[in-house]
Amino acid sequence: MSFDEKKEKCSIKVLGSGCKNCETLLKNTKDAVKKMNLEADVEYITDMQEVMKYGVMSMPALAVNGKVVSAGRVCRTEDVANILHKIGY
């Protein structure tokens, strides 16, 4: 891939039960995506059967492009941005 080519759109999922911590992670994730000017789909998954497909045992969790990158903690906006940078966004 050349430097000028854009990566595929980033798919981000916040996995949780609908609790306050999960809502906070969702807000922080959306804030990070906005600050980074990243083209990304951010979804909030609260269906436990769907969450279990990711093998997550502690919530909230964050999945990027189908891979769980954080679980069991509420990432700050800066933490989410750092995770996305490490992945290459």
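Two strands are said to pair if DSSP finds at least two bridges between them. Helices (H or I, at least four residues) and strands (E, at least two) are DSSP runs, numbered from the N terminus. With these terms, Lys13 stands opposite Glu43 in strand S2. The structure is a predicted model, in which local features need pLDDT of at least 70 and side-chain atom pairs count only at pLDDT 80 or more, while totals for chains, interfaces and linings use all residues. Residues are numbered from 1 along each chain as its sequence is written, and side-chain values use heavy atoms, with hydrogens and water left out.

The protein has 3 helices and 4 strands, and from the N terminus on its elements run β-α-β-α-β-β-α. The radius of gyration (taken over C-alpha atoms) is compared with a globule rule of 2.2 Å times the number of residues to the power 0.38. The protein has a radius of gyration of 13 Å, close to the 12 Å that this rule gives for 89 residues, so it is as compact as a globular protein of that length. Its C-alpha trace spans about 40 × 25 × 15 Å along the principal axes. A contact means heavy atoms within 4.5 Å. Among the contacts with a separation of 6 or more, 65% are between residues 24 or more positions apart.

The strands come next. Strands of a sheet pair through backbone hydrogen bonds, either parallel or antiparallel. Here 4 strands form an open sheet in the order S2-S1-S3-S4, with mixed pairing. S2 and strand S4 (67-71) stand at the edges with a single partner strand each, so one side of each is left without a neighbour in the sheet. From one strand to the next, the twist averages 20 degrees.

Strand S1 (residues 10-15) and strand S2 (residues 40-45) run parallel and are joined by 6 bridges. S1 is also joined to S3 by 4 bridges, and these two strands run antiparallel. In that pairing, Val64 in S3 is the bridge partner of Ile12. S3 and S4 pair in the antiparallel sense, again over 4 bridges. Ala61 stands opposite Ala71 in S4, and Leu62 has Ser70 in S4 as its bridge partner. The hairpin of S3 and S4 has 2 residues between the strands, and Asn65 takes a positive phi near 50 degrees there.

S1, helix H1 (residues 20-36) and S2 make a right-handed β-α-β unit. A crossover is right-handed if, with the strands pointing away from the viewer, the path from the first strand over the helix to the second runs clockwise.

The interior can be described through burial. A residue is buried at under 20% relative accessible area, exposed at over 50% and partly exposed in between (1.4 Å probe, protein chains only). Buried residues make up 37% of the 89 residues. In S3, Ala61 and Ala63 point one way, Leu62 and Val64 point the other way, and all are buried.

A nonpolar core is a set of buried Ala, Val, Leu, Ile, Met, Phe, Trp, Tyr and Cys residues joined through side-chain atoms within 4.5 Å. The largest such core has 18 residues, of which Cys10, Ile12, Leu38, Val80 and Leu84 touch the most other members. The elements that give two or more residues to this core are S1, H1, strand S3 (61-64) and helix H3 (77-87). H1 gives the most, with 5 residues. Apart from this core lies another, of 6 residues, among them Leu15, Ile45, Val51 and Ala61.

Helix H3 has Thr77, Asp79, Val80, Ala81, Ile83 and Leu84 as its buried residues. The buried residues of H3 pack against S1, H1, S3 and S4. H3 is followed by Gly88, whose phi is positive, near 115 degrees.

Methods. Axes fitted to C-alpha atoms, helices over the stretch in contact; angles between N-to-C directions.
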